[in-house]
Amino acid sequence: MTVVAGALYALIGGGALLALVRLARGPSLLDRVVATDTLLVIISAGLAVHAALVRDPTLVPVLVVVALLAFVGSVSVARYVGGMLLRSRTEDGRDVGLPVAAEERESRS
C-alpha cells in the first residue's frame, strides 16, 4: 500500500468516525439524518477509492446502490419532516416548528 492510499483510507476512516459521533450524539432528528446521509456519502467515496486503487470495476453497481439508498433515504425523511411541519400549524396558520424530541423532553424534566 502506498503512502497516498494509506492517507486516503485514513481520511475516509476519520470522516466516517466523525459522522458516527454526530449520529450517536444527535441531538435532533435532522442532525441524525444529515449524519446518516454524510456517512453514506463517505462509504460511497471509500468504495470508489478502493475500486480505483485496485482497479476493480465490479464495485460500480454497489456504488450505484449506496448512492440510491442515500438519495431515497434523504427524500423520505424530508417528506416525513415536512409532514410534521404541516401538522404542527396552529388554527390561525402560524407554524410552531418541529415537535420537541423525546430526548429533549426527558432532559428538561
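This is a predicted model: local features need pLDDT of at least 70, side-chain atom pairs count only at pLDDT 80 or more; totals for chains, interfaces and linings use all residues.
Residues are numbered from 1 along each chain as its sequence is written, and side-chain values use heavy atoms, with hydrogens and water left out.

**Overall architecture**

- The chain contains 4 helices and 0 strands, and its elements run α-α-α-α from the N terminus on.
- Helices (H or I, at least four residues) and strands (E, at least two) are DSSP runs, numbered from the N terminus.
- Of the 109 residues in the chain, 20% are buried; buried means under 20% relative accessible area, exposed over 50%, and partly exposed in between, with a 1.4 Å probe and protein chains only.
- The chain exposes about 7800 Å², and carbon and sulfur atoms supply 69% of that area. Accessible areas come from the Shrake-Rupley method with a 1.4 Å probe, and for residues only the protein chains shown count as cover.
- Among contacts between residues at least 6 apart in sequence, 37% join residues at least 24 apart; contact means heavy atoms within 4.5 Å.

**Annotated regions**

- The unreviewed UniProt entry places the feature "transmembrane region" at residues 6-24, 33-53 and 59-81. UniProt positions are given in the numbering used here, feature names are shortened, and annotations may be inferred rather than shown by experiment.
- In the model, residues 6-24 are 100% helix and 0% strand, and the end C-alpha atoms of this span lie 27 Å apart.
- Residues 33-53 are likewise 100% helix and 0% strand, with end C-alpha atoms 30 Å apart.

- Helix α1 covers residues 3-25. Its 23 residues reach 33 Å from the first C-alpha to the last, close to the 33 Å expected at 1.5 Å a residue; the expected span of a helix is 1.5 Å times one less than its number of residues.
- The buried residues of α1 are Ala5, Ala16 and Ala19, and what covers them includes α2.
- A cis peptide bond, with omega about 0°, joins Gly26 and Pro27. Pro27 is found in the loop between α1 and α2.

- Helix α2 comprises residues 29-54. Its 26 residues should span 38 Å at 1.5 Å a residue, and the distance of 37 Å between its end C-alpha atoms agrees with this.
- The buried residues of α2 are Val33, Ala35, Leu39, Leu40, Ile42, Ser44, Gly46, Val49 and Ala51.
- Ser44 counts as buried because its relative accessibility is 15%. Leaving aside neighbours within four places in sequence, Ser44 is in contact with Leu63, Val66 and Ala67.
- Just after α2, Arg55 takes a positive phi of about 55°, although Arg55 is not a glycine.
- Arg55 lies in the loop between α2 and α3 (60-87), and Arg55 is exposed, with a relative accessible area of 73%.

- Ala70 is placed in helix α3 and counts as buried, at 9% relative accessibility.
- Not counting residues up to four places away in sequence, Ala70 touches Asp37 and Leu40. Ala70 and Leu40 are 30 residues apart in sequence and 6.0 Å apart in space, C-alpha to C-alpha.
- Phe71 is also found in helix α3, but Phe71 is exposed, with a relative accessible area of 54%.
- From Phe71 to Asp37 the separation is 34 residues in sequence and 8.1 Å in space, C-alpha to C-alpha.

**Nonpolar surface patch**

- Val4, Leu8, Tyr9, Leu53 and Val54 make a nonpolar surface patch of about 400 Å².
- Patches are made of residues with over 30% relative accessible area and no salt bridge; like charges are joined within 9 Å, and nonpolar side chains (Val, Leu, Ile, Met, Phe, Trp, Tyr) within 5 Å. A salt bridge is a side-chain nitrogen of Lys or Arg within 4 Å of a carboxyl oxygen of Asp or Glu.
- Helices α1 and α2 each supply at least two residues of the patch, and α1 gives the most, with 3 residues.
- Val4 lies in helix α1 and is exposed, with a relative accessible area of 57%.
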